[in-house]
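The points go from the overall surface and fold to individual side-chain pairs.

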Amino acid sequence: MSGPPLPKWGEGDPDGAEPGPPEPQLPGPRGGTRVLFERELSLAWSGGGGPLLACAFFACLTAILPLAAGGAIETLRPVAAGAAWLALALSSLLSLERLFERDLEDGGLDLLATAHLSLEAVFVIKALSQWVATGLPLALAAPVAALALGQPLHLAPLTALAAGIGGLGFAFTGALGAALALGARRGGLLIAVVVLPLFIPPVVFGSGALVRAAEGLPVGPALALLGAYCLFAALLSPFAGAAAIRNAQG
């Protein structure tokens, strides 16, 4: 007669080794992209109020101009588009100083340099998260600010669209300035000095589109130039920014 079957290893034996939890696996490039993007958005919202600070600064700038100009609509309307875009450019500078600096201080950049993603991809993810966290809220606030300066109501959708496109260019150009200022003592001042001249083309093209729309002229050429600037910044700034990050890491 055959006896009972022998128990398998670890079954019915109190001294048998129990299978442990599976070892964690590092996310691949696609999972690393999602994790880094969510991390950057979380840091943008948790550090200093996120886009609320930029929108509040934007509102303050657009409120000062009517007070300084006397508040007459006839005086404000010709400069409404340019003033709104100038305030938009200055508000986009607020959260750039800590974009790469905090990762350099706590060693996060060293970990990102050894991960699946290249530094160029890390730069793009950080710039896009900066646009989502700050640029898009400012684009939604831009029509309200322009209306307060006397801009016609029917130009509000165009104002939001142009501000969204220009904000993407601000994000990539601003991220480049933040990468170039890594390790500097007065990083915020250096970012402003480097970035503000590069912000001039989108300010000119964006405000020019609104002025042409107010005069009944086609806005396609101005929007095309604005989009070309954003495309140029998105293609070139990751390589220059990654080189600046490697130089800061030594």
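1. Surface. The protein exposes about 13,600 Å², and carbon and sulfur atoms supply 69% of that area. Of its 250 residues, 41% count as buried. Please keep in mind that this is a predicted model.

2. Fold. The protein has 11 helices and 0 strands, so read under the run-based assignment of helices and strands, the order from the N terminus is α-α-α-α-α-α-α-α-α-α-α. Among contacts with a separation of 6 or more, 79% are between residues 24 or more positions apart.

3. Core. The largest nonpolar core has 50 residues. Those with the most contacts inside it are Phe58, Trp85, Leu88, Phe100, Phe123, Phe170 and Ile245. Leaving aside residues up to four places away in sequence, Phe58 touches Ala84, Ala87, Leu88, Ser91, Leu138, Ala141, Ala142 and Ala145.

4. Aromatic pairs, edge-to-face. A search of the whole structure gives 3 aromatic pairs. In one of them, the ring centres of Trp85 and Phe170 are 6.1 Å apart and the planes stand at 70°, so the pair is edge-to-face; the cut-off for that class is over 60 degrees. The pair links distant parts of the chain, with Trp85 in helix 4 (residues 80–91) and Phe170 in helix 8 (residues 156–180), 85 residues apart. Both Trp85 and Phe170 are buried. Ring pairs also join Trp85, Phe170 and Phe199 into a cluster.

5. Aromatic pairs, stacked. How are the rings of Phe100 and Phe123 arranged? Their centres lie 5.8 Å apart and their planes are at 15°, so this pair is stacked. Distant parts of the chain are linked here too: Phe100 is in helix 5 (residues 98–105) and Phe123 in helix 7 (residues 119–148), 23 residues apart. Phe100 has a relative accessible area of 0% and is therefore buried. Phe123 is likewise buried, at a relative accessible area of 0%. Both residues are listed among those with the most contacts inside the largest nonpolar core.

6. Salt bridge within a helix. The count comes to 2 salt bridges. One of them joins Glu38 and Arg34, with the closest N and O atoms 3.6 Å apart. Both residues lie in helix 1 (residues 29–46), 4 residues apart, about one turn of the helix. Glu38 counts as partly exposed because its relative accessibility is 45%. Arg34 is partly exposed as well, with a relative accessible area of 49%.

7. Salt bridge between helices. The side chains of Glu120 and Arg246 meet in a salt bridge, at 3.3 Å from N to O. This pair links distant parts of the chain, Glu120 being in helix 7 and Arg246 in helix 11, 126 residues apart. Arg246 has 41% relative accessibility and so counts as partly exposed.

8. Nonpolar surface patch. Which residues make the nonpolar surface patch of about 430 Å²? The patch is made by Leu231, Phe232, Leu235 and Leu236. Leu231 is found in helix 11 (residues 220–249). At 53% relative accessibility, Leu231 counts as exposed, because the cut-off for exposed is over 50%.

Definitions and conventions. Residues numbered from 1 in each chain as written. Predicted model: local features only at pLDDT ≥ 70, side-chain atom pairs only at ≥ 80, totals over all residues. Heavy atoms only, no water. Phe/Tyr/Trp six-rings, centres within 6.5 Å; stacked < 30°, edge-to-face > 60°. Helix = DSSP H or I, 4+ residues; strand = E, 2+ residues; numbered from the N terminus. Buried < 20%, exposed > 50% of the residue type's maximum accessible area, 1.4 Å probe, protein only. Patch = residues over 30% accessible without salt bridge, like charges linked within 9 Å, V, L, I, M, F, W, Y side chains within 5 Å. Areas by Shrake-Rupley, 256 points an atom, 1.4 Å probe, with all protein chains shown as cover. Salt bridge = Lys/Arg side-chain N within 4 Å of Asp/Glu carboxyl O. Core = buried A, V, L, I, M, F, W, Y, C linked by side-chain atoms within 4.5 Å. Contact = heavy atoms within 4.5 Å.
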